[in-house]
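Subject: Handover of a model and notes on its features

Dear colleague,

Please find the structure below, followed by an account of what was found in it. I would be grateful if you could read the notes with the coordinates open.

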Amino acid sequence: QMQLVESGGGLVQAGGSLRLSCAASVRTFSNYAMGWFRQAPGKEREFVSAISWSGGTTYYADSVKGRFTISRDNAKNTVYLQMNSLKPEDTAVYYCAADPQMAAFQRSLESRRAFADYWGQGTQVTVSS
């Protein structure tokens, strides 16, 4: 069983930056692909980004490409989401997710649905205009 704990959310003005972190409590963190999703009020949970176990493959939703960067530190069991040039439409609860297969996140990206075995509790990101 894996536990995921997100941190780093908060209130920021449009154009600003935030870095989200997700710490995983699991012995074999490097066996998992990691991802970020978000859910705005009244909307479905949507895929944001994912990174393979080695960090060699990354996926991004079109809405965040060029502004968000996902990375991971396997020695620290942590995945990050650097968010730059934030917009009010980025306001949402951001969830960290883990899955043994990167294919789950590719499926999420392509189907616009949320697939992953493990989920964190979420962290609120609010971008003011």
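A residue is called buried when its relative accessible area is under 20%, exposed when it is over 50%, and partly exposed in between, with a 1.4 Å probe and protein chains only. Helices (H or I, at least four residues) and strands (E, at least two) are DSSP runs, numbered from the N terminus.

This is a predicted model, in which local features need pLDDT of at least 70 and side-chain atom pairs count only at pLDDT 80 or more, while totals for chains, interfaces and linings use all residues. Residues are numbered from 1 along each chain as its sequence is written, and side-chain values use heavy atoms, with hydrogens and water left out.

Strand E8 and its partners

Strand E8 covers residues 78-83, and because five of its six residues are buried, the strand is largely enclosed by the rest of the structure. Two strands are taken to pair if DSSP finds at least two bridges between them. By that criterion E8 is joined to E3 by six bridges, the two strands running antiparallel; within this pairing, Val79 of E8 is the bridge partner of Cys22. E8 is also joined to strand E7 (residues 68-73) by six bridges, again in an antiparallel arrangement, and here Leu81 of E8 is the bridge partner of Ile70.

E3 has a further partner in strand E1 (residues 3-7), to which five bridges join it, with the strands antiparallel. Cys22 of E3 is the bridge partner of Glu6.

Ser21 belongs to E3, which spans residues 18-25. Ser21 counts as buried because its relative accessibility is 17%. Contact here means heavy atoms within 4.5 Å. Neighbours within four places in sequence aside, Ser21 is in contact with Val5, Glu6, Ser7, Trp36, Thr78, Val79 and Tyr80.

The segment before E1

Met2 is placed in the segment before E1, and with a relative accessibility of 5% it counts as buried. If residues up to four places away in sequence are not counted, Met2 touches Ala24, Ser25, Val26, Tyr32, Ala98 and Tyr118. The C-alpha atoms of Met2 and Leu20 are separated by 19 Å, the two residues being 18 apart along the chain.

Which residues of H1 are buried? They are Met102, Ala104, Phe105 and Ser108. These residues lie on the same side of H1, because they cover an arc of only 155° around the axis, the arc being that of the directions from the helix axis to the C-beta atoms. An α-helix has 3.6 residues a turn, so residues three or four places apart point the same way. The cover over the buried residues of H1 includes strands E4 (33-39), E5, E6 and E9 (92-99).

Ser52 sits in the loop between E5 and strand E6 (58-60). At 8% relative accessibility, Ser52 counts as buried. Residues up to four places away in sequence not being counted, Ser52 touches Ala33, Thr57, Arg72 and Met102.

Asn77 has a positive phi of about 55° although it is not a glycine. Asn77 lies in the hairpin of E7 and E8, which has four residues between the strands, and it counts as buried at 18% relative accessibility.

Arg112 likewise is not a glycine, yet has a positive phi of about 60°. Is Arg112 buried or exposed? Arg112 is exposed, with a relative accessible area of 75%.

The largest pocket

On a 1 Å grid over the protein atoms alone, a cavity is a set of points where a 1.4 Å probe fits but cannot get out, whereas a pocket is an open set with protein on both sides within 12 Å along at least five of seven lines; lining residues have an atom within 4 Å of a point. Grid points are joined across faces, edges and corners, and a volume is the space filled by probe spheres set on the points.

The largest pocket has a volume of about 260 Å³. Its lining consists of Glu44, Arg45, Glu46, Phe47, Ala61, Asp62, Ser63, Ser108, Leu109 and Arg112. At least two lining residues each are supplied by strand E5 (46-51) and helix H1 (102-111). The lining divides into three nonpolar, two polar and five charged residues, where Ala, Val, Leu, Ile, Met, Phe, Trp, Tyr, Cys and Pro count as nonpolar, Asp, Glu, Lys and Arg as charged, and the others, Gly among them, as polar.

With kind regards
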